[in-house]
Amino acid sequence: MEKDKQTRVRVDPARGAVTLSAWAEEWLERRVIGEATRCNYEGFVRNHLVPSLGRKPLAGLARRDFERFVQDIYRGGAGLAASTVNDRTVMVAAIMEAAVVDKRITENPARGIRISRRDAVAVDEDAVPTPAEVDLIAGHITPQFRLAVYLQSGTGQRPSEALAFSTECRRSGFVRIRWQVSAKAHHEDCRTPFVPLKHRLEKEYRDIPTALFVEHEIAAHLRRWNPVPVVFTGQKGKRVRLETFFAPRQPGAGVMPSIASYGYQFKKACLLAGLVDLDGKAKYTPRSLRHFFASTALANGVPIHEVSRWLGHRSVKTTVDIYGHLLPGAWERCREVLQRSMRPVPPDVTSPPSEEASSSAGNRAV
């Protein structure tokens, strides 16, 4: 038995030999949580936590392991937003805290670890595709998802929102977004394939202006496929019918396309189009299309508060943190304003005075 000097808790080293994978599975089995939350947790554990740290024993995990894990998840092309990574990290910390309570380890190495706001949200300009690259992705993705590419790049929708697109979304000159595909929509027993938007209640929506090319892509999609009616029960028990664009069309398919299946097809399209990084991996993720929409709008003078509203951010501060450094001409305007304020330049002078001239002028003033 080992004894922690601060807490005076006796810990049997053998109890800390269980792997993180086995312990996380046991922890999940004991949780009393909603189905959607359980699905999200299980997916994160299966797809990210276990492949990275699952084989390590609880007693062999250090804080640096979890710090590296969080950074790798965020920057490794998983397509997860910083807020999502931080939310899942809270879950991982809870898993490890349960091991402390169960006297398997003496302290929680995952406690308090998160993506810092500065590191997390500022988008890298290299993560934004060009217009030509957007067209390449759309041209190589399976035809069913072509419209999703242009809904994201042309209106800034999240993948889950684009996959929930229906006839009721289509308006004259804009789209009205009210639903997103749930995490369990692709399960055959799922009764709520659509859920309210992120940060929004069931009755809330947001309107986004549509360029003509988006209208053309919607029309082209409808010429090829008719909308499919889907009836489901909303969170308040009311029956809802949507004429959906991305529901299965083959008899017996029975499930909605998942965000994972769209992500797989998106990755495949990037590889087919030659949009790869130095390691041969897909250069972009579906989230890159939201970056394209926002950065293109801001670079051409669209007010950032409007872009924030169209993206569905909870606060304009989020938009500023992510895209503020992409606003055009900010540095030049700042320099010009301060120069005019402190050292006005006569109309006939096209460049600032030299240091020597400035020094002479200062001496004469004295």
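How many disulfides does the structure hold? The count is zero, where a disulfide is taken as a pair of cysteine sulfur atoms within 2.5 Å. This is a predicted model, so local features need pLDDT of at least 70 and side-chain atom pairs count only at pLDDT 80 or more, while totals for chains, interfaces and linings use all residues. Residues are numbered from 1 along each chain as its sequence is written, and side-chain values use heavy atoms, with hydrogens and water left out.

Cys39 is buried, at a relative accessible area of 18%, and Cys334 is partly exposed, at 42%. Here buried means under 20% relative accessible area, exposed over 50%, and partly exposed in between, using a 1.4 Å probe and protein chains only.

Next come the nonpolar cores, meaning sets of buried Ala, Val, Leu, Ile, Met, Phe, Trp, Tyr and Cys residues joined through side-chain atoms within 4.5 Å. The largest one has 55 residues, and Phe246 and Tyr262 have the most contacts inside it. Helix α11 (residues 287–299) gives this core its largest share, six residues; helices are DSSP runs of H or I, at least four residues, numbered from the N terminus. A second, separate core has 31 residues, including Phe69 and Met96.

Methods
Helix = DSSP H or I, 4+ residues; strand = E, 2+ residues; numbered from the N terminus.
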